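This briefing is for a reader who is new to the structure below. It goes through selected features by topic.

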Amino acid sequence: MANEITYTGQGGDLRASEILNAAIWDLIYDRTDLRQICLKVADLGGSGSSTSKTAQVDFGNAMGAANADETTAAGNTTLSSGNLSLSVAQQIIAYEISDLLSVTGGPGNLGMADLARAVAESYVLRFTQMACEAGDGFSSTVGTTTVDLTMDDIYSAIFTLEQAVVPGPYNCVLSPTQFTDLQESLRSEGGALQFHAPTAEMLAAKGPGFKGSFLGVDFWASNQVQDANGGADSAGWMQGAGAIAYVEASAAGAMAGSVAAPSMSPVYAEFDRVADPGLSRIVAHAFVGVGIGEDARGVSIITDK
């Protein structure tokens, strides 16, 4: 094995000799959780299959005029159909900590409880990454490669969705640089339109990454937004409900010795013990699949990184 958290290794940082090391400094990372803007299709735990297939039917056929002679049959109308297929795949993360680091730990020091919370958070990070990968795959695109994002790109994305008859409200996910480019562009916008920054209540409800609303669109920023064009650009996106869908498999009830982390989460964790030389390990698993639910409901925004 490797990457064990030991007193003689990382303990040099985590257990400094001074008494001032009584708290962990939680370094900055992106906690954006995009599950709330994606459509959960199914929970495949106990379903008998790792794949969900959902029928998709196009009922957008208007009636036509009947034959005027009143005797000739009009015939049947073709009903277009297909299916959305999503499969879960295993995601995993593990941390291992030495006995010396554990037994010398005090209040605020790194311990197994902190690692248990960390593995639960790692699922959120992985899901957001997978959602951003899907958002890079829409057929419709707006923006100009190697050119900073502007309000014109946002208007183009809105127009694309409106022309495709995609119902609102819309969500827009941008890279941090794309979002700051948007803020810069907004400085030159005139008129009565105003960007609405999130209130404390909105941040509590939507969580980190939510940046506010403009033109009826909720904006999010995440550093998990994918690179495009060989790393020259970022691939943000705008979507209506159902553009990105996902399936999970809640397995905690079926896995002996494991616990859901947190309760009712698709993440299940278990502990492993190596008595010699004295190491405790937490391993967390989750099964999830993320993909485009309906291509016409989204548009990729490709602009300078």
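A residue counts as buried under 20% relative accessible area, as exposed over 50%, and as partly exposed in between, with a 1.4 Å probe and protein chains only. The model is predicted, so local features need pLDDT of at least 70 and side-chain atom pairs count only at pLDDT 80 or more, while totals for chains, interfaces and linings use all residues. Residues are numbered from 1 along each chain as its sequence is written, and side-chain values use heavy atoms, with hydrogens and water left out. Helices (H or I, at least four residues) and strands (E, at least two) are DSSP runs, numbered from the N terminus.

**Cysteines**

- C38 is buried, at 10% relative accessibility.
- A search of the whole structure for disulfides (pairs of cysteine sulfur atoms within 2.5 Å) finds zero.
- C38 is therefore not in a disulfide; its nearest cysteine sulfur, that of C132, is 8.9 Å away.
- C172 is buried too, at 0% relative accessibility.
- The closest cysteine sulfur to that of C172 is also in C132, at 11 Å, which is too far for a bond.

**Helix 5**

- Helix 5 spans residues 176–186, and its buried residues are Q178, F179, D181, L182, S185 and L186.
- Seen down the helix axis, these buried residues fall within an arc of 160 degrees, so they line one face of helix 5; the arc is that of the directions from the helix axis to the C-beta atoms.
- The cover over these residues, judged by contact (heavy atoms within 4.5 Å), includes helix 4 (151–163) and strand 6 (170–174).
- Strand 7 (210–214), strand 8 (217–221), strand 10 (233–239) and strand 15 (298–304) are also among the elements that cover them.

**Aromatic rings**

- Rings of Phe, Tyr and Trp (its six-membered ring) pair if their centres lie within 6.5 Å; planes under 30 degrees apart count as stacked, over 60 as edge-to-face and the rest as tilted.
- The whole structure holds seven aromatic pairs.
- In one of them, F195 and F219 have ring centres 6.0 Å apart and planes at 45 degrees, so this pair is tilted.
- F195 lies in the loop between helix 5 and helix 6 (200–206) and F219 in strand 8, so the pair ties together parts that are 24 residues apart in sequence.
- F195 is partly exposed, at 23% relative accessibility, whereas F219 is buried, at 0%.
- F179, F195, F214 and F219 make up one aromatic cluster.
- A charge sits over a ring if NZ of Lys or CZ of Arg is within 6 Å of the ring centre and within 35 degrees of the ring normal; the charged end of K206 sits in this way over the ring of F210, 5.1 Å from its centre.

**S213**

- S213 is in strand 7 and is buried, with a relative accessible area of 14%.
- Apart from neighbours within four places in sequence, S213 is in contact with Q194, F195, H196, M202 and D218.
- The side chains of S213 and D218 are joined by a polar contact of 2.6 Å.
- A polar contact is a pair of N or O atoms within 3.5 Å; within protein, one must be able to donate a hydrogen and the other to accept it, and residues adjacent in sequence count only if both atoms are side-chain atoms.

**Q91**

- Q91 is found in strand 4 (residues 89–98) and is buried, at 14% relative accessibility.
- A polar contact of 2.8 Å links the side chains of Q91 and R126.
- A polar atom of the Q91 side chain also lies 3.1 Å from the backbone oxygen of A89.
- Leaving aside neighbours within four places in sequence, the residues in contact with Q91 are R126, M130, A284, H285, A286 and V288.

**Backbone geometry**

- The peptide bond between G168 and P169 is cis, with omega about 0 degrees, and P169 is in the loop between helix 4 and strand 6.
- The bond from D276 to P277 is cis, with omega near 20 degrees; P277 lies in the loop between strand 13 (268–274) and strand 14 (279–292).
- T146 is not a glycine, although it has a positive phi of about 65 degrees; T146 is in the loop between strand 5 (141–142) and helix 4.
- N229, another residue other than glycine, has a positive phi near 55 degrees and lies in the loop between strand 9 (226–228) and strand 10.
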